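Reader: Can you walk me through this one? Keep it quick.

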Amino acid sequence: MAELGEFSTTVLVFGGPYSNLEATSAMRARAADLGITTERIICTGDIVAYCAEPGETIDLIRDWGIHVVMGNCEEALAFSEPDCGCGFETDSSCSTLAITWYEYANRRVDATQRAWMSGLPRSIEFVIGGVLFKTIHASLTSINEFVFPSSDASRKLTQISEAGVDAIIGGHSGIPFGQRVDNSLWLNAGVIGMPANDGGKHGWYMLIDPTEGGLEVSWHRLDYDHAASRQSTIAAGMVEYGRALGEGLWPSIDILPETEARQSGQPLNLPPIHF
Ligand SMILES: [Fe+2]
């Protein structure tokens with residue numbers, strides 16, 4: 001675990017660069033425009049996945065110098081595992097699609113990049129506005145559990161309580177959301193390298209701003225050259241993921257609970273949370 005101490009100005013959190021170099025470059029540029037320095041930027045993991053430029057995306061993140069939580073994709077590549085460890089059911093369409101990108105990425109990530117990924121922390125804690133946050137990849141006990149808005153609230157609360165924090169920020173599941181659970185928060189910053197299955201072609205990131213007496217959590221669109229990423233992803237052979245970049249819809253919704261599956265293609269409603 002990494003402990004970053006206390007912040008007095010905006011923290012930026014994003015997830016899932018997913019080998020999407022265009023989106024990751026756009027995120028870096030947006031952070032610079034917002035004046036947010038690297039020590040206040042956290043990526044929730046999965047730098048490498050569905051798109052065409054795994055090595056270049058890792059190098060960009062390393063050169064940028066931000067904090068990164070290890071995702072299942074980093075864990076799998078760092079330790080040369082046979083698959084991405086996404087937790088997809090065998091023979092599901094997610095699993096079939098994942099084989100293609102994982103084999104593509106596994107051929108393009110070098111030993112130095114794997115060594116760097118193996119040293120990433122599995123959680124990052126920080127304080128802002130008097131609130132203690134723990135950033136993880138998926139859930140407290142698993143690097144590949146899918147936690148969605150409709151996932152059991154009492155289980156979220158138990159994990160926040162077991163972590164001994166006020167708020168958990170997770171990633172992995174690809175859909176941004178924020179929930180107040182009793183007097184705690186469960187947050188997901190969203191991802192930048194794939195759409196949120198909401199019909200939009202943009203990615204999402206999250207800002208945490210201290211306010212008088214607390215903080216504000218807000219979600220923001222990241223627009224980028226999705227047409228270029230679509231083209232390179234299709235050319236690299238990940239045709240379904242390339243199409244997803246151009247359509248704003250995931251190639252498969254096997255992993256989605258019924259509630260989130262029903263919301264496919266609908267714009268997300270993400271009002272800020274004041275805590
Ligand atoms: Fe993941």
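**Salt bridges and the metal site**

Author: R262 and E258 form a salt bridge, with their closest N and O atoms 3.4 Å apart. A salt bridge here is a side-chain nitrogen of Lys or Arg within 4 Å of a carboxyl oxygen of Asp or Glu. The model is predicted: local features need pLDDT of at least 70, side-chain atom pairs count only at pLDDT 80 or more, and totals for chains, interfaces and linings use all residues. Residues are numbered from 1 along each chain as its sequence is written, and side-chain values use heavy atoms, leaving out hydrogens and water.

Reader: R262 and E258, buried or exposed?

Author: Both R262 and E258 are exposed. Exposed means over 50% relative accessible area, buried under 20%, partly exposed in between (1.4 Å probe, protein chains only).

Reader: And E125 with K134, buried or exposed?

Author: Both are buried. E125 and K134 form a salt bridge at 3.0 Å between the closest N and O atoms.

Reader: How many salt bridges in the structure?

Author: It holds 6.

Reader: Switching to the metal. Which residues are the protein donors of the iron ion?

Author: D46 (OD), N72 (OD1), H137 (NE2) and H172 (ND1), at 2.0 to 2.2 Å. Donors are N, O and S atoms within 2.8 Å of the metal (3.2 Å for Na, K and Ca); water is not among the atoms, so sites may look incomplete.

Reader: Why is the arrangement irregular?

Author: The 4 donor atoms subtend angles of 85 to 140 degrees, so the arrangement counts as irregular.

Reader: N72 and H172, buried or exposed?

Author: Both N72 and H172 are buried.

Methods: Four donors count as tetrahedral if all angles lie between 85 and 135 degrees; four count as square planar and six as octahedral if opposite donors are over 155 degrees apart and all others between 65 and 115; anything else is irregular.
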